[in-house]
Amino acid sequence: MQFHTNGYLPGDPHHEPPDPRVAARLQARGPGLPDTVDVLIVGTGPAGLTVAAQLARFAGIDTRVVERRSGPLMHGQADGVAVRSVEMFDTFGFSHLILREAYWVNETTFWRPDPANRNHIVRTGRIQDTADGLSEFPHLIVNQARIHSYFLDTMRHAPSRLEVDYDWQCVGVAVDDNANNTHPVTVTLRRASGEQREVRARYVVGADGARSAVREAIGRQLRGDVAHHAWGVLDLLPLTDFPDIRFKTAIQSGSGRAILIIPREGGHLVRLYVDLGKVPTDDDGRVRQTPLEDVLTVIDEVFRPYTLRAAEVAWFSIYEVAQRLVDGFDDVPDDQRPARTPRVLLAGDACHTHSAKAGQGMNVGMQDGFNLGWKLAAVLEGRASPALLHTYSGERQPVAQILIDFDREWSAMMAAGPRDPAHPERGGVDPDELQRYFERSLRFTAGLGTRYPEGPLIGGSEHQSLATGFPIGERFHSAPVVRVADAKAMELGHVHKADGAWRLYAFADRTETAFNELMTFLASPESPIARFTPPGCDADTVIDLRGIYGRRFREVQVSQLPPALLPKAGRFDLTDYEKAFALGRAGEPDIYELRGIDRQRGALVLVRPDQYVAAVLPLSAHAELTAFLGRFLLPQSSRG
Ligand SMILES: Cc1cc2nc3c(=O)[nH]c(=O)nc-3n(C[C@H](O)[C@H](O)[C@H](O)COP(=O)(O)OP(=O)(O)OC[C@H]3O[C@@H](n4cnc5c(N)ncnc54)[C@H](O)[C@@H]3O)c2cc1C
């Protein structure tokens, strides 16, 4: 992490210097909710907080977050943290903190009815959870409330010192179509005390969960079906002789009931998802009143011949599986998209609901937020046109559909029960097929199944062969390098911050001729860096250039680095020494090899602020690069 860039500042470098504009705003309008804001975020679940933590970096953007609760979530709800989410947490600077306290899912085991006694279970399978090389991060399990607290800390220590306005429930949203209205969205908010306020916003983010008031107010509907299958969820401290209690475990029992064990952080706590079976169609939610005792009875039955008793139950809930998807992620009907741009955008459970067992709810919600936050910032900072916001629904809705389809299939398999080899006519799922399906889905459940198709923000594949290991449209797959200026071995992808900037990775060609020509171009007034970076801002504010040499780090001298890789930073024009990288020692991982970079011709890899690869181009493609960025970035008056 870089700090002291604008002068020495004592204290915790994680606390960024407060931006004076925030204090000025507070002074001008006093504490409490203002009448107008740029962005109003409704809901402090993972989706809303991911947007808020991004916007908190932009003190010029007046963001407020309202939540009907009186304070932050303390426990319960989700716990599965996909590999992809940990990669995203790294851009917010707290992945190392989560890694330290979370449970790591290293292996998963499978149990089924004992052929000798179908009232007992036996272990039949054990697999590695995250395949080698899938990511530098593991699959984690930690309570959702802990993730919230890291986001809240990030917001609180960001330049805009963003805090949540608790005890404000959104009860109405109205959008004024008058194009001259700078703050066309009016949100009506009510406190538990009954006090009511209206806030007018340029944009509203509806991240208010499965029963979203914002979604309802803009006339969007969740469509899909209820699976009429209920599950109990318990967080408990177990007393047991079950040997795999500290492994993620899928159990199918002879009674047809299933249990999923999710070991939790801290070495003792476990979460059990307990299959409560089919729910009559006229149940009308009565199943949600199922007493804990009944669920504990199912646990007793399923774990035989082992026993499991709860020393303490920290959290208990019953939920019914429903896979539903909203008919649009914003307030613009498809037939009006050419004429209107979104003003109200939905994210997370407000858009898609699914069972908890796939552990996707929180992760996909955060990815919605991570896709939306940088786009809102770019539009509100005048770096992109509002039309950019159309790409949010365009990109995230298909991803949510894939999630719903996966969850429907996986939930049905888990609920079907194990097939009895002696009575295949009674139905059920072959336990081997369940294990195979789980293994096939690991890349998807790791959050790495997303590939945005060619479109406004994703280029064509004509040059993919230059960097086969960075598939266009997929997330940037980090790999080890060594930083030239201080010989630091590190992950290249960890230079990525949730700061709204694009990363431009230039991998040198063998002779470095094309590489050096590119560096000269990028330092020139004609370059896209000059064209799209606001005057007075550091060169890496919008397009953050990184150079990677195909030589070993000791062969590359700082004194020979091109000016484009030694940009000036801050009010003293300090030199930024963290832009150039090279290969490690002989025998150490080689990013050219790992990521299929063409050693002869090199490659240019452009990565979006949300870590997705937007384009792969030849080093000589100066005009194409500028044209591609010009598709969505607005020219800023010349930096000169
Ligand atoms: C009881 C429960 C158990 C769950 N268990 C699991 C699990 O085991 N595993 C898993 O992967 N997922 C689980 N989930 C799903 C997971 O928690 C969600 O997918 C995830 O939290 C979605 O995030 P979100 O930000 O979209 O919404 P939420 O986390 O639901 O957050 C929405 C926020 O908006 C607030 N809000 C709602 N309406 C208003 C309003 N009108 N005005 C102001 N604020 C409002 C709510 O108080 C809440 O804080 C569970 C969800 C619930 C509710």
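Author: We begin with Leu-325, which is found in strand S16 (residues 308-326); helices (H or I, at least four residues) and strands (E, at least two) are DSSP runs, numbered from the N terminus. This is a predicted model, in which local features need pLDDT of at least 70, side-chain atom pairs count only at pLDDT 80 or more, and totals for chains, interfaces and linings use all residues. Residues are numbered from 1 along each chain as its sequence is written, and side-chain values use heavy atoms, with hydrogens and water left out.

Reader: Is Leu-325 buried or exposed?

Author: Buried means under 20% relative accessible area, exposed over 50%, and partly exposed in between (1.4 Å probe, protein chains only). Leu-325 has a relative accessible area of 10%, and therefore the residue is buried.

Reader: Which residues is Leu-325 in contact with, leaving aside its neighbours within four places in sequence?

Author: Contact means heavy atoms within 4.5 Å. With those neighbours left aside, the residues in contact with Leu-325 are Gln-221, Leu-222, Arg-223, Cys-351, His-352, Gln-397, Ala-400, Gln-401 and Ile-404.

Reader: Is Asp-235 buried or exposed?

Author: Asp-235 has its place in strand S12 (residues 222-240). Its contacts, apart from neighbours within four places in sequence, include Arg-264, Glu-312 and Trp-315. Because its relative accessibility is 3%, Asp-235 counts as buried.

Reader: Which backbone nitrogen does the side chain of Gln-464 reach?

Author: Gln-464 is found in the loop between helix H11 (442-448) and strand S19 (480-483). At 14% relative accessibility, this residue counts as buried. Not counting residues up to four places away in sequence, Gln-464 touches Arg-451, Phe-470, Pro-471, Ile-472 and Val-616. At 2.8 Å, its side chain reaches the backbone nitrogen of Ile-472.

Reader: At roughly what angle do the axes of helix H8 and helix H9 cross?

Author: Axes are lines fitted to C-alpha atoms, for helices over the stretch in contact, and angles run from 0 to 180 degrees between N-to-C directions. The axes of helix H8 (residues 361-380) and helix H9 (residues 390-416) come within 10 Å and cross at roughly 170°. Therefore H8 is roughly antiparallel to H9, where angles under 35 degrees count as roughly parallel, over 145 as roughly antiparallel, 65 to 115 as roughly perpendicular and the rest as oblique. The crossing angle is roughly 170°.

Reader: Over how many bridges do strand S21 and strand S26 pair?

Author: Ala-506 stands opposite Leu-604 in S26. Strand S21 (residues 502-507) and strand S26 (residues 603-607) pair in the antiparallel sense, and the number of bridges is five.

Technical notes
Polar contact = N/O pair within 3.5 Å; in protein donor to acceptor, adjacent residues only side chain to side chain. Pairing = 2+ DSSP bridges.
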